[in-house]
Amino acid sequence: MKILVLQLARFGDILITGPVLKSLRRKYPDARIDFLVRSKFKEAAGQLEGFDRILELSTVNLIGPIIQEEMNEGESIRRAHAFVDNLKYENYDEIINLSFSPASSYLMSMLETDTVIMRGYGRHEDGSFKILDEASEYFYAQVGVGQHNRFHLINILASVAGVDVLDSDLTYSFKAQTPLAVTPGSIAIHIGASQEGKRIPVLKWISFIREFGEIFPNTPLILLGAGSESEDAEKIAGSSSHAHLYNYVGKTKWSDVFGVLAKCKMLVAADSSLVHAAGLVGTSVFNISNPTVNFWETGPRSPGSFVYFENDFEMLNTRDLAQTMTASINGFKPANVYIGVQGIPAFDGPMTGTEFQWDLIAALYWGADFPRVNPAMAEAVAHLQNLNDVVLENLANADKIDPKILAEILKRADDIQMLISQQMTDLQPLFRFMEVERIRIAPGTREEIIKSMITCHERCAVVLQVFLSFQVQEQKEMADGQL
Amino acid sequence: MKDEAVHYFKLAIKRLENQKLISQSAEHNTLSTEYKTQSKDEMVVNFLLELLKEQVPHEDFSSSTR
């Protein structure tokens with residue numbers, strides 16, 4: 001059996017894929033597993049286990065001929081064809097796209113054959129978006145900032161790949177090595193992050209190191225980071241009077257990073273890729289998070305990890321941060337942190353404002369009871385049900401309706417649903433669920449599409465009916481004095 | 001990314017978008033467009049376009065996926 005895993009995203013996503021690769025290897029011990037990543041991230045991917053061969057997608061090679069004064073798009077197209085043909089030549093039995101990106105979806109469409117099993121995002125033959133499995137449907141509909149998912153991304157990627165992640169998959173057994181001097185028990189600090197919104201200001205790091213040093217003057221601190229973060233690291237190191245501060249920013253290979261983290265007692269970081277590297281070597285993380293990230297989706301999974309949440313990093317109270325971290329190092333659970341646990345979500349702490357939406361997701365996707373809604377919401381759902389019935393009725397009579405008029409009716413129905421969704425934001429998971437039901441409709445002849453649309457709206461009708469029946473049941477029980 | 005590089009990326013994106021021979025019938029599920037299969041070249045052009053757009057992350061490029 002030959003399997004290709006695509007991970008065309010960045011460092012953090014590649015490292016999050018690590019446990020999935022390990023699970024895949026456990027499920028298919030004799031399979032040939034190839035791992036396709038961008039050339040830039042090949043070294044990081046090389047630290048992972050569970051595959052036989054790394055394949056590279058060189059963006060520079062593919063788009064290089066177009067981004068110069070004498071544009072040669074023909075050469076780029078030729079190179080892209082050659083790249084795709086080389087992959088197709090391998091005759092994979094299964095191709096798993098864990099990237100969730102438009103580029104990867106087009107690549108998937110070009111690799112699709114009648115026999116290969118495809119998972120993740122792809123494209124229909126007309127170029128429209130295609131979701132190849134149920135876990136990816138869930139990702140599209142419910143995952144990301146502003147959504148209400150509570151599963152960790154590692155588990156979602158595993159579901160896309162069709163495997164279960166065990167606790168033993170989260171940590172690698174290899175002994176990471178580095179020639180860099182690291183005193184066991186040191187604290188590593190990653191000062192950077194991939195996005196501006198996730199970065200802690202340099203002055204805050206300087207202040208935090210000073211506060212921490214007052215409590216633990218003899219604990220070695222090791223700064224880690226990429227070359228692009230060297231300037232900030234020098235400012236931090238230059239401003240610190242900590243006697244045991246080592247600046248390794250920009251001076252490490254990925255193997256060194258894993259080696260350093262393996263020897264450290266803890267990593268302090270702000271939702272950066274090193275959070276996942278620490279997880280793979282089993283080092284606990286003190287993760288400082290803000291609302292630009294859903295930490296319960298991408299936070300640390302290594303035992304003993306904590307998440308310290310601050311809405312605005314400019315307002316970060318570094319004394320409180322240092323004291324909280326001290327408490328966590330000493331084995332206490334400070335009141336103001338989320339602690340990593342086994343469960344859903346993977347962190348224990350208040351998930352304010354999302355309980356209803358999470359219950360709604362549970363009802364929509366795995367058959368839990370629908371949550372109780374207020375009268376306005378119940379009325380909105382009843383409107384949706386009526387709208388869905390009207391669409392179904394028109395689709396059933398499609399052969400008697402002028403195609404342009406039918407298209408107009410469907411558009412009007414979409415517009416009304418959009419208006420309801422704007423009014424009823426708490427019902428967002430339901431609207432997202434229904435949107436994905438629509439996306440599942442494949443291109444085809446008019447008759448084929450109408451048949452698929454009827455199936456789609458019948459599925460929505462069942463969901464809406466069950467949703468409303470729960471409300472009626474609850475009202476009845478309330479009237480009977482049972483609730 | 002340097003301004004000059006951004007300029008070339010934008011030019012390349014514009015040129016490739018002009019090259020797209022057909023519009024995607026992404027709205028087939030509203031019955032408002034005709035269905036047409038994309039050729040291998042069209043798929044490759046779309047693939048390259050998306051790779052280009054990723055290089056200029058702060059631009060507001062609409063996309064049918066997340």
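User: Which elements make a right-handed β-α-β unit with S4(A)?

Analyst: The model is a predicted one. In it, S4(A), helix H5 (residues 102-111) of chain A and S5(A) make up a right-handed β-α-β unit. The two strands of this unit, S4(A) and strand S5 (residues 117-119) of chain A, run parallel and are joined by three bridges. One pair to look for is Ile95(A), whose bridge partner in S5(A) is Met118(A).

User: How does strand S1 of chain A pair with strand S4 of chain A, parallel or antiparallel?

Analyst: Strands of a sheet pair through backbone hydrogen bonds, in either the parallel or the antiparallel sense. Here strand S1 (residues 2-6) of chain A pairs with strand S4 (residues 94-97) of chain A in the parallel sense, over four bridges. Within this pairing, Ile3(A) stands opposite Glu94(A) of S4(A).

User: Where is Phe100(A) found, and is Phe100(A) buried or exposed?

Analyst: Phe100(A) is in the loop between S4 and H5 of chain A. Although not a glycine, Phe100(A) has a positive phi of about 55°. A residue counts as buried if 20 or more other C-beta atoms lie within 10 Å of its own. Phe100(A) has 23 such atoms within 10 Å and is therefore buried. Asn91(A) also has a positive phi in a residue other than glycine, near 50°, and is found in the loop between helix H4 (73-89) and S4 of chain A. Exposure requires 12 or fewer such atoms; Asn91(A) has 10 other C-beta atoms within 10 Å, so Asn91(A) is exposed.

User: In what order do the eight strands of the open sheet in chain A lie?

Analyst: The order is S10-S9-S8-S11-S12-S13-S14-S15, and the pairing is mixed. At the edges are strand S10 (245-247) and strand S15 (347-348) of chain A, each of which pairs on one side only.

The parallel sense is seen at S8(A), which pairs with S9(A) over four bridges and with S11(A) over three bridges. Ile189(A) shows both pairings: Ile189(A) stands opposite Leu223(A) in S9(A) and opposite Val268(A) in S11(A).

The antiparallel sense is seen where two bridges join strand S14 (residues 337-340) of chain A to S15(A). There Gly340(A) stands opposite Phe347(A). The loop between S14 and S15 of chain A holds Pro345(A), which is joined to Ile344(A) by a cis peptide bond with omega about -5°.

User: Which residues of S8(A) are buried on its two faces?

Analyst: In a regular strand the side chains alternate between the two faces of the sheet. In S8(A), Ile187(A) and Ile189(A) are buried on one side, and Ala188(A) and His190(A) are buried on the other, so that both faces are covered. H11(A) lies across strand S8 (187-190), strand S9 (221-224) and strand S11 (266-269) of chain A, and runs at about 155° to S9(A). S8(A) and S9(A) also form a right-handed β-α-β unit with H9(A).

User: At what angle do H11(A) and H12(A) cross, and which residues make the contact?

Analyst: The axes of helix H11 (residues 254-263) and helix H12 (residues 274-281) of chain A come within 9 Å and cross at roughly 60°. The crossing is right-handed. H11(A) contributes Val257(A), Phe258(A), Leu261(A) and Ala262(A), while H12(A) contributes Leu274(A), Ala277(A), Ala278(A) and Val281(A). By class, the contact has eight nonpolar residues, with no polar and no charged ones.

User: How many of the residues of helix H6 of chain A are buried?

Analyst: Seven of the nine residues of helix H6 (residues 134-142) of chain A are buried, so this helix is largely enclosed by the rest of the structure. Among the buried residues are Tyr138(A), Phe139(A) and Tyr140(A). The elements covering them include strand S6 (121-123), strand S7 (129-131) and helix H15 (355-366) of chain A. After H6(A) comes Gly144(A), whose phi is positive, near 120°.

User: What does the secondary structure of chain B come to?

Analyst: Chain B has two helices and zero strands. Of its 66 residues, 29% are buried.

Key
Residues numbered from 1 in each chain as written. Chains lettered and ligands numbered in written order. Predicted model: local features only at pLDDT ≥ 70, side-chain atom pairs only at ≥ 80, totals over all residues. Axes fitted to C-alpha atoms, helices over the stretch in contact; angles between N-to-C directions. Left-handed = near helix turned anticlockwise from the far one by under 90°. Contact = placed C-beta atoms within 7 Å. Nonpolar A, V, L, I, M, F, W, Y, C, P; charged D, E, K, R; others polar. Pairing = 2+ DSSP bridges. Right-handed = clockwise from strand over helix to strand, strands pointing away.
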